[in-house]
Each structure stands twice: as C-alpha cells, then as structure tokens.
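This report describes the two chains in plain terms. Look at the sequence and the model first, then read on.

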Amino acid sequence: MFHKPIQKNISKEQAAFLNRMQKRKVTVHFIQWAILIAFFLLWETAARLGWIDPFIFSQPSRMLAAGLKMAQDGSLWMHIGTTLWETVAGFLLGTIIGTLAAVLLWWNSMISDIAEPYLVVLNSLPKTALAPIIIVWMGNNQGSIITVALLTSVIVTIMSVLNGFLQVDQEKIKLIQIFGGTKLQVLSKVVFPANIPCILNALKINVGLSFVGVIVGEFLVAQSGLGFLIIYVGQNFKLDWVMLSVVILAILAATMYEGISLLEKKFLKWQM
Amino acid sequence: MRPIVSLDDVSLRYHSVSGETLAVSHLNLSVDSGEFICIVGPSGCGKSSILSMLAGLIAPSEGSVHVEGEIGYMLQKDHLLEWRTIRSNALLGLEIRNKLTPENTAYVDALLEQYGLGEFKEHYPYQLSGGMRQRVALIRTLAVRPDILLLDEPFSALDYQTRLSVSDEIGSIIRQEGKTAILVSHDISEAISLSDRVVVLSARPAKLKKIYPIHLSLEEYSPMKAREAPEFREYFNAIWKELDIHVS
C-alpha cells in the first residue's frame, strides 16, 4: 500500500496553517460535545426545577435508572439484540437483493424498461403501509419484521445501484470488449467494481431505512425489541423507558453508520 | 507482400430512432506488416468507426474487412481502472483472455521496467501523471502481444507538452517492438511525424481523399526530430489543403 509522502521540513507558514486547521477541528468537536451535554443537563435541570413535568417528558437521571434496572435483569440486552439483528438482516438483505436485481436490470435492458414504471411507483409508495399486509401474509414473527425492513430499502437500492451501473463510462466497457471480454467480464471487471462506492453508499442509507421498517414492524407484532418496548411501555405511560429506547436507537444507528464508513475507507483506498 | 489489414469497398451505416447515418462510404485501404499509417480527417467523419470495424466490435454494412493477426486497441483516454494497481491494470487484457501465465506476467513486468514504471507497479492510477498513465495503457495493449495496434487519438487528452513527448515516446516504442500501427488523429503534425503514410478522409461519410507516403530526409529517425525535417512543412501544407478545414 502506498502512503502519501509526509513532508518533514515544513515552512513556518505551513506549520501555522496546519496548527490553525487542527485548532479548528478541536473546536468543532468540542462544541459538538458541549451541545449534547448541555442538552441533557438542561433537560435534567428543567425536570428537577419543575419547568417541565418529568412524568410526560421524563428526565436523564430517570432514564439512566430505568436503563440500569433493565441492564441488571438482562431485558435491555435482549431488546437491543432483537432490534439489532432484525435491522442488520434487513439492510444486508435489502442491499444484496437490491444489488442483484440491479444486475439483472442492467443485464437486460428490455426487463429494465418494462420494470421502470413499477419501480417508480413502488419507490414513492411508503413501504411501511405494506407492513400490516406482510404481517397478515407471513404471520406474527420475526420473519415479517425483517421483510418489512427489507422492503423499505430494496427499491431505492435497485434504483440507485442501477443508475450507478448505467453511468459507467461506455469507453471503459469498450476496453473490456476490445480484449474480447464477455458481458459477465464487463460486469465483474468494470461495472461492479466501479460501483462499490455506490453500493456502500446504498448500505449507509439502508441502515436508516431498515430501522424505520424494523420499528414499525415491532410496533405491530413483536414480543421483544426496542420498537416493542416503546409501544408497550408507552401505553403504560412509562416515558423513561420510551425516551431511553429512543436514545439507544440513536446510538445504534450512529454506530452502524460509522461502521460502514470504516468499511468504506478500507475498500476505497484507491480514491484520492 | 500480402497486406496484414485490408478494407474492401467498406460502407457503414448507423441506425437510430431518429434516422440512418452513413458513416463510411466505399472505403478501400490496405496496410502492410510493420507499416505505421495515420488516418486524418475532419472531426466526426467516422475515423473511430473504421477502427471499431477493424477491431471487430462492429460489422460493416457493406464490403469486407480482413485482419490477419492479433489486434491491440488504444483508446483516446487511458481508461485505467482506478481501483486496480498499475501492474494489475497492465495485466487486465491477459486476465480477460485467461492468459495469466508466468511467462506473460513476466513479459508485462519487463515492459513496465523497460518503460520506467517499475517502481510504480503497486501504485494506483491517480498517483501517476497523464503521460505515465498513457504509457501504462500502451503496456496493457502490448501485453497481449498484438500484431496490429489501433490507436484512436491516444494523445488528445493530454496537454500540448506532454502530448509531444508522449507521442514521441509511444511512437518510438511501437517502432521498437516492430508492430503494425494504425493511428487516427486530427493533428496533422502528429500524423506526419509518426507515420509512413498519411490517409486523408473526407467529412462524413468518410471517403478516401488521398494517401500521402511520407519520406523525410533524416539521419536518425525519431518522431520529435521528424518535425525538423525540411519536407515536413510541405507535407503539412498539402494535407492541410486536402483536409479543407474552413474556420468560419
């Protein structure tokens, strides 16, 4: 692997410039964290001083207490585990099936032309509207939740990956044909590798979409999972648990997004 | 000697929903083994279509195309695949043809060394200059040991200075490797300095206008030095006139 040359003897101006950039970066991070901490502190204070009703709005210390209690009896991990597994299965399946469908449509432009209006309509349709139907068809189980999650991401994946496939430089395809390459080789040597950034990007978007599908699915049928928790405790007005679940969801989504960003860096070292 | 490449009364039509276009009309041309010829013509006249027919990518609508030997084709841009290292790019053709034998990869490594890319083998294309990238593209073409090289304005994407040195370099490499070459260009100087014969085509549909055999009095030939030959200007003016380019 190639490493960018590191300048050893840098001028004073360059050093000052690097210093400024570093300071700016530190400041940005500092303010980002400060906003987050201030938000929770304000929330806590407001609840303690009675500015807001903690029964309706909850408060960080009560959320923490609820979290600790659930962590001790293990139910917290079970709910997180369920949601995490359903979401990962949903976005991985959505991305894989979507990419395979895009390959099919790229391969046969006739099928692609026929499918186009259906894709456009399905893309604008809110997929969560299909959740009750899926549950009736597939039953009250995890399979239907994963299917809902998959449906939320698969159409948009097909459309964006197919678009990426079609935007590959025709001359690069010609290059493969010049060497006598087959259509399969055009796909494997040029079209697919050129679109790995596009597919990783779809994966990133699908994390968020898959969460939507899973939570809606869990609202409807689940016996565990964060979506189930939100609905179940929400009905009993245990807002501490609801708020806690939302915060955990935010952390999970952010972690997965970062994970895929790391994957991107690993795969795309050939980019400038 | 039997020509290695010949076009006999070749015509080519393109079909699209908006209509039919005649790109090439009754073209006759033959090229001998080891010859370097250059096809010049107004832009969009169908020069690239001729190369595509020679490479077997499209079939002529009328007439016949004969090619004896392996074809190597160099495109306008280098089209190196950004996600592959330089070495892996140079091996692309062999990989597609399933000919990644130790002997062939050793040949590619030798070419990379010989043409100054040895230490860049494991680099990625974005780390190389335009001229170096074009050299990699040439090595990728040479890797499959073609007998005939088709070059479709392979220098047009480079800036003027790089272009001069790269065309000099690549012209010399092709001569050195003893290949037959057919270069398409719209640069008259480049055509004269590189080739044995310059073929002038008309505007679309491409028809043969005239062929100029190039004889330059030079002690030692190189594409760069060719530009200083006394006959250079005469050829230039004659071909310029023949091309009949109107700037309006």
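In chain B, B:Pro205 sits in the loop that runs between β8 (197-201) and β9 (208-213). Helices (H or I, at least four residues) and strands (E, at least two) are DSSP runs, numbered from the N terminus. The peptide bond between B:Arg204 and B:Pro205 is cis, with omega at about -5 degrees.

The model is a predicted one: local features need pLDDT of at least 70, side-chain atom pairs count only at pLDDT 80 or more, and totals for chains, interfaces and linings use all residues. Residues are numbered from 1 along each chain as its sequence is written, while chains are lettered from A and ligands numbered from 1 in the order in which they are written.

**Backbone angles in chain B**

B:His26 belongs to strand β2 (residues 19-31) of chain B. B:Asn98 is in the loop between α3 (92-96) and α4 (102-114) of chain B.

How buried or exposed are they? A residue is buried if 20 or more other C-beta atoms lie within 10 Å of its own, exposed if 12 or fewer, and partly exposed in between, with C-beta atoms placed from the backbone. B:His26 has 15 other C-beta atoms within 10 Å, so it is partly exposed. B:Asn98 has 9 C-beta neighbours inside 10 Å and therefore counts as exposed.

Chain B contains nine helices and nine strands. Chain A has twelve helices and zero strands. The radius of gyration of chain A is 24 Å, well over the 19 Å that the globule rule gives for 272 residues, so chain A is more spread out than a compact globule. The radius of gyration is taken over C-alpha atoms, and the globule rule is 2.2 Å times the number of residues to the power 0.38. For the 248 residues of chain B, a compact globule would have a radius near 18 Å, and the value of 18 Å for chain B agrees.

| Chain | Span | Buried residues |
|---|---|---|
| Chain A | roughly 75 × 70 × 30 Å | 31% of 272 residues |
| Chain B | about 45 × 45 × 40 Å | 42% of 248 residues |

Contacts can also be sorted by sequence separation. Two residues are in contact if their C-beta atoms, placed from the backbone, lie within 7 Å. In chain A, 75% of the contacts between residues at least 6 apart in sequence join residues at least 24 apart. In chain B, residues 24 or more positions apart make up 73% of the contacts with a separation of 6 or more.

Chain A is assigned domain 1 (12-49) and domain 2 (67-267); such bounds come from an automatic or database domain assignment. The C-alpha centres of these two domains of chain A are 33 Å apart.

**The nonpolar core**

In soluble globular proteins, nonpolar side chains tend to be buried together. A nonpolar core is a set of buried Ala, Val, Leu, Ile, Met, Phe, Trp, Tyr and Cys residues joined through C-beta atoms within 7 Å. The largest one here has 122 residues, and B:Leu54, B:Leu150 and B:Ile182 have the most contacts inside it. Helix α7 (residues 142-166) of chain A gives the most to this core, with 13 residues.

Which residues does B:Ile182 touch, not counting residues up to four places away in sequence? Among them are B:Val5, B:Val31, B:Ile37, B:Leu54 and B:Leu150.
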